[in-house]
Amino acid sequence: MSAVGTVLVTGGAGFIGCALSQKLAGSAERWVVLDSMHPQVHGDTVRPTELYDDAEMIVGDVTDAAAWDTLLETVRPDVVIHLAAETGTAQSLHEASRHSRVNVVGTTEMLDAFGRAGIVPGLILLSSSRAVYGEGQWRSAAGELYVPGQRSHAQFENAQWDFPDSEPVASSAARTWPTPTSVYGATKLAQEHILSAWVEAHDSALVILRLQNVYGPGQSLINSYTGIVSLFSQLAADGKSIPIYEDGKITRDFVYIEDVADAFVALLKHAPKQGLVRYDVGSGVGTTIQELAQHIADFHHAPAPHVTGAYRDGDVRYASCDIEPTTAALGWQPQWSVERGVAGLQDWIAAQA
Ligand SMILES: NC(=O)c1ccc[n+]([C@@H]2O[C@H](COP(=O)([O-])OP(=O)(O)OC[C@H]3O[C@@H](n4cnc5c(N)ncnc54)[C@H](O)[C@@H]3O)[C@@H](O)[C@H]2O)c1
């Protein structure tokens, strides 16, 4: 990867950033991380042990124009991997400004700083999210595809979890129109649009990876707003019964961190010289929360999970993606089943204790 020269990774001290550094930093000329070390994610950690030893780390905020100007005096990135974000999907409903400031304004501050410094990176990679799809598409009993939109507060109150007489369809960047149902999802979609407009106007290249639910070793164990697999694991390891929302049939596509890092590696080999491409990155398999909780409880011989009927406004009922276009384009294939990934994560959590 030495041809790519200097790589700048915003939010590069986080879960995905550290995993990428282990796979890629050794073959870059420079690997520079800009990260605010968000206390909700890192507690009082100064530098994560999972970050590649030779990675240069600058503590700074992507919303801070002066921090950008100072950074770009000495760092001229050839590739930018933009990971810095507020990531609390449910939290974003109540802290919309905070999520928008970091995710949207943080992105525009970065681009404005590039403009002031006269820098046009050859490639920008954005870690976008399945949250941009919202509920995506569903298929009616008559076989028609439709976009159901968001479940209302009244529907939740009446425990109408599913859309009547319909089944969900896996999302795909090629055919699913984004309709986010969370403020977080809306900010991730805004990042996509902003970067796309800028890159097209500067003859640069943008790759958008719409990631499903990433889990695995290195994910923050103290951030109660993300990382359901880690949260469930800690409950079960403590011998507690895992509480499950709705009727237990909320479905997610859980993709292991190794597979996600490998997708970024494949991507850098196949990145376009100019223009925009979008890829879905997941396991391609939908797992209900009940199934996930049961795997984890079984692993720890914990009491059976219990369905609570509780819900969160804005929560999506079903999320999974069609990975076939991504595997075909990148020659990448996820290797980790949920069973194997859950086991791998438990060993890491135990080692942290
Ligand atoms: N983990 C997932 O399941 C998942 C799924 C879809 C998309 N994503 C996206 O991937 C990216 C990385 O997620 P992650 O799971 O590694 O999360 P993370 O919270 O572990 O990492 C995010 C990093 O960004 C840093 N950060 C937050 N605000 C910042 C700011 N204002 N300035 C500079 N740095 C800041 C944090 O300190 C943290 O180190 C995010 O953009 C997220 O939206 C993650």
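Select Asp35 and Met37 together, and in this predicted model you will find a polar atom of the Asp35 side chain 2.7 Å from the backbone nitrogen of Met37.

Now show the strand to which Asp35 belongs, which is β2, residues 30-35.

Next, select Leu51, which you will find in the loop between α2 (39-42) and β3 (56-59). Is Leu51 buried or exposed? Its relative accessible area is 2%, and therefore Leu51 counts as buried, the cut-off being under 20%. Again leaving aside residues up to four places away in sequence, Leu51 touches Gly12, Cys18, Ser21, Gln22, Val33 and Met57. If you then pick the C-alpha atoms of Leu51 and Gln40, two residues that are eleven places apart along the chain, you will find a separation of 18 Å.

Move on to helix α3, residues 65-74, and colour its buried residues, which are Trp68, Leu71 and Leu72. Looking down the axis of α3, you will see these buried residues fall within an arc of 95°, so they line one face of the helix. In an α-helix there are 3.6 residues a turn, so residues three or four places apart point the same way. Turn to the other side of α3, where Glu73 and Thr74 are exposed. What covers the buried residues of α3 includes β1 (6-10), β2, β3 and α5 (96-117), and these elements can be shown together with the helix. At the start of α3, select Asp64 and Ala66, where a side-chain oxygen of Asp64 reaches to within 3.1 Å of the backbone nitrogen of Ala66.

For the last stop, display the open sheet of three strands, whose order is β7-β6-β8 and whose pairing is antiparallel. The edge strands, each of which pairs on one side only, are β7 (145-146) and β8 (166-168). Strand β6, residues 138-140, pairs with β7 over two bridges in the antiparallel sense, and if you select Arg139, you will find it opposite Leu145 in β7.

Note on methods:
Residues numbered from 1 in each chain as written. Predicted model: local features only at pLDDT ≥ 70, side-chain atom pairs only at ≥ 80, totals over all residues. Heavy atoms only, no water. Helix = DSSP H or I, 4+ residues; strand = E, 2+ residues; numbered from the N terminus. Polar contact = N/O pair within 3.5 Å; in protein donor to acceptor, adjacent residues only side chain to side chain. Buried < 20%, exposed > 50% of the residue type's maximum accessible area, 1.4 Å probe, protein only. Contact = heavy atoms within 4.5 Å. Arc of directions from axis to C-beta. Pairing = 2+ DSSP bridges.
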